Amino acid sequence: MIQNGVYVVSDRFFCDFNDPFLKGNKNESRPHYYTFFDSASGLIWMIPLSSRVEKYQAIIDYRTAEHKPCDILHIAKLDNGKTSVFLIQDVFPITEDYIERPYTFNNQPLIITSEKLAATIQEKTVRVLRLIRRGIRFSNTQPDVLQIERCLLSGEPFQVKEHSSTRL
């Protein structure tokens, strides 16, 4: 796997970690961005991508108007020429075993080649994860990525829990 690559996550991950707030996998067709490898845990952190730019631009505009930080989303033009939304608020950990294949465009694996874009996404992801680790929630539909992380590290099965963190 290549950091800054875009991958398809196996449906098996979404069965094993059936958090109702993980973004739908769309029959193994949703692209996920490989933002960084956590060498301390051995886990890979993935960000779902969305093509619903207008929907998420409205959220960014609202948060900006309310003078709230907006590290939770990032809109950018990808190397395939399409504009996508990085759903940083929905970042989740995974192991390489759950990667189905690279996401391809014109039979070529899609990779974010802009170092500036990759650095921006990683910085925002680190900030968002710090907040998540402090119990901050960004929406009522935020997956419990800390429980997924614990289960991946411990090997224990995932149990759907009620979310009870502070919302930002």
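**Strands, cysteines and salt bridges**

Tutor: At 23% relative accessibility, I75 counts as partly exposed, where buried means under 20% relative accessible area, exposed over 50%, and partly exposed in between (1.4 Å probe, protein chains only). Before we go on, this is a predicted model, in which local features need pLDDT of at least 70, side-chain atom pairs count only at pLDDT 80 or more, and totals for chains, interfaces and linings use all residues. Residues are numbered from 1 along each chain as its sequence is written, and side-chain values use heavy atoms, with hydrogens and water left out.

Student: Which strand does I75 lie in?
Tutor: Helices (H or I, at least four residues) and strands (E, at least two) are DSSP runs, numbered from the N terminus. By that numbering, the strand with I75 covers residues 74–77 and is β4.

Student: Which residues does I75 touch, not counting residues up to four places away in sequence?
Tutor: Contact here means heavy atoms within 4.5 Å. With residues up to four places away in sequence not counted, I75 touches V53, Y56, Q57, I60, T83, S84 and V85.

Student: How many residues of strand β2 are buried?
Tutor: Strand β2 spans residues 31–38 and is mostly covered. Of its eight residues, the number buried is seven.

Student: Which residue stands opposite Y33 in β3?
Tutor: Two strands pair if DSSP finds at least two bridges between them. β2 and strand β3 (residues 43–50) pair in the antiparallel sense over six bridges. In β3, the residue opposite Y33 is I47.

Student: Which residue takes a positive phi in the hairpin of β2 and β3?
Tutor: That hairpin has four residues between the strands. The residue with a positive phi, near 80 degrees, is G42.

Student: How many disulfides does the structure hold?
Tutor: A disulfide is a pair of cysteine sulfur atoms within 2.5 Å, and the number in this structure is zero. For C151, the nearest cysteine sulfur, that of C15, is 15 Å away. C151 is also buried, with a relative accessible area of 7%. To come back to your question, the count of disulfides is zero.

Student: Which residue meets R127 in a salt bridge?
Tutor: The N to O value for this pair is 2.6 Å. R127 lies in helix α3 (residues 115–133) and its partner in the loop between α2 (53–65) and β4, so the pair ties together parts 56 residues apart in sequence. The partner of R127 is D71.

Student: Is E149 buried or exposed?
Tutor: The side chains of R133 and E149 meet in a salt bridge (2.9 Å, N to O). R133 counts as partly exposed at 45% relative accessibility. With a relative accessible area of 10%, E149 is buried.

How values were computed:
A salt bridge is a side-chain nitrogen of Lys or Arg within 4 Å of a carboxyl oxygen of Asp or Glu.
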